[in-house]
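Welcome! Here is a short tour of a protein model for someone meeting it for the first time.

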Amino acid sequence: MLTIKHASDADWPEIIELDARAFALPSPLPRDEITEFRAKVPDEATYLIRDVGTVPGSSTIVAFSLYYDLPLTVPGGAVVDAAALSWVSVSATHRRRGMLRRMIDAQYADWRARGHPLAILTASEGTIYERFGFGPAAFAHRVHIAPAASTFRSPAPPDSHVRYGTPDEVAAHVPVVHARWAAARNGAIGRPAPWWPSLLADRSFRRNSQTSGLHYLLHPDGYAAYRIDARDRTALIEDFVAVTPQAHDDLWRVLTSLDLISSVHASIPVDDALPHLLTDARAVGVVDRPDTLWVSILDVAAALELRTYSDDGTLVLEVGDDYSDRAGRYRLQVVDGRASVTPTDDAPNASMDIAVLSSLYLGGIAAREFAEARRIDVDSPASLTRLARLFDVEHAPFAGTFF
């Protein structure tokens with residue numbers, strides 16, 4: 001018999017073991033990490049499925065998922081309370097029995113009851129979540145930077161104001177600056193207070209025996225955290241935040257001039273200006289462009305009214321939804337960048353499924369790309385132009401936090 005319920009204290013040792021198996025971890029999370037993790041999520045935001053009695057006398061957790069309440073900045077600067085799905089795992093012994101859907105059904109009902117306009121996740125596989133209305137919405141460039149070729153076009157300032165931070169300085173500075181950055185960056189995920197102890201602790205399980213602990217570079221308007229991999233003398237940028245262009249440039253000048261470093265590896269926004277600051281843009285080599293955030297619009301009208309738009313105009317959107325009740329026609333009317341959204345029976349100007357609309361939401365994928373892939377149907381070229389202009393954004397979304 002398969003039963004679903006919220007986790008209790010007694011369930012967590014088994015949950016941690018299931019997670020380690022499902023995500024191919026070398027060992028379960030250490031005790032201190034588990035204690036801090038439990039402070040991030042209440043038990044009522046967890047769902048587990050037990051197989052009770054299939055083997056006489058047995059009771060085994062065979063599926064688990066949870067969600068966090070995380071702040072997400074959307075175009076225009078509004079901060080949305082998003083339901084952040086995570087830790088989704090199903091035991092290899094119980095695949096293809098509908099357990100993922102059963103958990104998401106329960107969570108979806110919870111999210112709607114709590115009034116979340118959006119759900120978000122980071123996907124380990126790219127073919128699982130579209131059926132529930134999720135679409136990839138933010139991306140990053142993973143880059144390898146050659147320090148020897150990283151000559152800046154402009155001269156360095158007399159003092160960059162970048163300094164290495166002590167643990168106390170890091171603990172005081174980094175959360176404050178990250179909050180400033182997240183509030184202003186489209187697609188950024190904020191980090192609530194319970195997240196910081198684990199992030200700043202930098203425990204050994206996060207690195208191998210040849211990788212250093214984190215070194216923090218602090219700037220009044222930014223910071224960067226990096227490790228050194230002694231095997232090939234690479235610098236691995238774990239966290240980079242710059243509130244101002246000057247902080248961005250000052251931190252990168254230091255990171256590209258570290259002693260004895262052969263290469264700097266980082267994940268940067270897809271529209272980051274770094275290559276254009278250098279005399280040789282090829283010094284910043286893009287090795288991958290992963291999706292870093294998936295979005296599912298839970299309430300179409302509420303979500304579309306939360307963000308701002310780059311043009312004014314009116315469109316009737318027809319939204320399909322094979323999973324839930326979000327299907328319908330919505331009149332999107334934008335005046336001075338702000339939208340009002342109402343149901344309508346008028347003929348649609350543009351038709352798409354909810355996953356496509358969710359991918360458009362942060363501006364990380366252009367409407368024309370979906371139209372060329374025949375995933376958006378329009379009644380005229382003018383409607384496609386209007387749709388593209390409405391959802392265009394000044395800066396590409398960048399999440400900055402893995403969950």
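The model itself is predicted.

With those words in hand, let us look at helix H11, which spans residues 381-391. Its buried residues are Ser 383, Leu 384, Leu 387, Leu 390 and Phe 391. Viewed down the axis of H11, these buried residues fall within an arc of 130 degrees, so they line one face of the helix. An α-helix has 3.6 residues a turn, so residues three or four places apart point the same way. On the face of H11 turned away from the buried side sit the exposed residues Pro 381 and Arg 389.

Next comes the sheet. It is open and built from 7 strands in the order S1-S2-S3-S4-S5-S14-S6, with mixed pairing. Strands S1 (2-5) and S6 (135-139) are the edge strands, each pairing on one side only. From one strand to the next, the twist averages 25 degrees.

Inside this sheet, strand S5 (residues 118-121) and strand S14 (residues 291-297) run antiparallel and are joined by 4 bridges. Leu 118 has Ile 297 of S14 as its bridge partner.

| Helix | Strands | Angle with S3 |
|---|---|---|
| H1 (residues 12-22) | lies across S2 (46-52), S3 (59-73) and S4 (79-90) | about 80 degrees |
| H3 (residues 99-114) | touches S1, S2, S3, S4 and S5 | about 35 degrees |

How values were computed: Residues are numbered from 1 along each chain as its sequence is written. This is a predicted model: local features need pLDDT of at least 70, side-chain atom pairs count only at pLDDT 80 or more; totals for chains, interfaces and linings use all residues. Side-chain values use heavy atoms; hydrogens and water are left out. Two strands pair if DSSP finds at least two bridges between them. Helices (H or I, at least four residues) and strands (E, at least two) are DSSP runs, numbered from the N terminus. Axes are lines fitted to C-alpha atoms, for helices over the stretch in contact, and angles run from 0 to 180 degrees between N-to-C directions. Contact means heavy atoms within 4.5 Å. Buried means under 20% relative accessible area, exposed over 50%, partly exposed in between (1.4 Å probe, protein chains only). The arc is that of the directions from the helix axis to the C-beta atoms.
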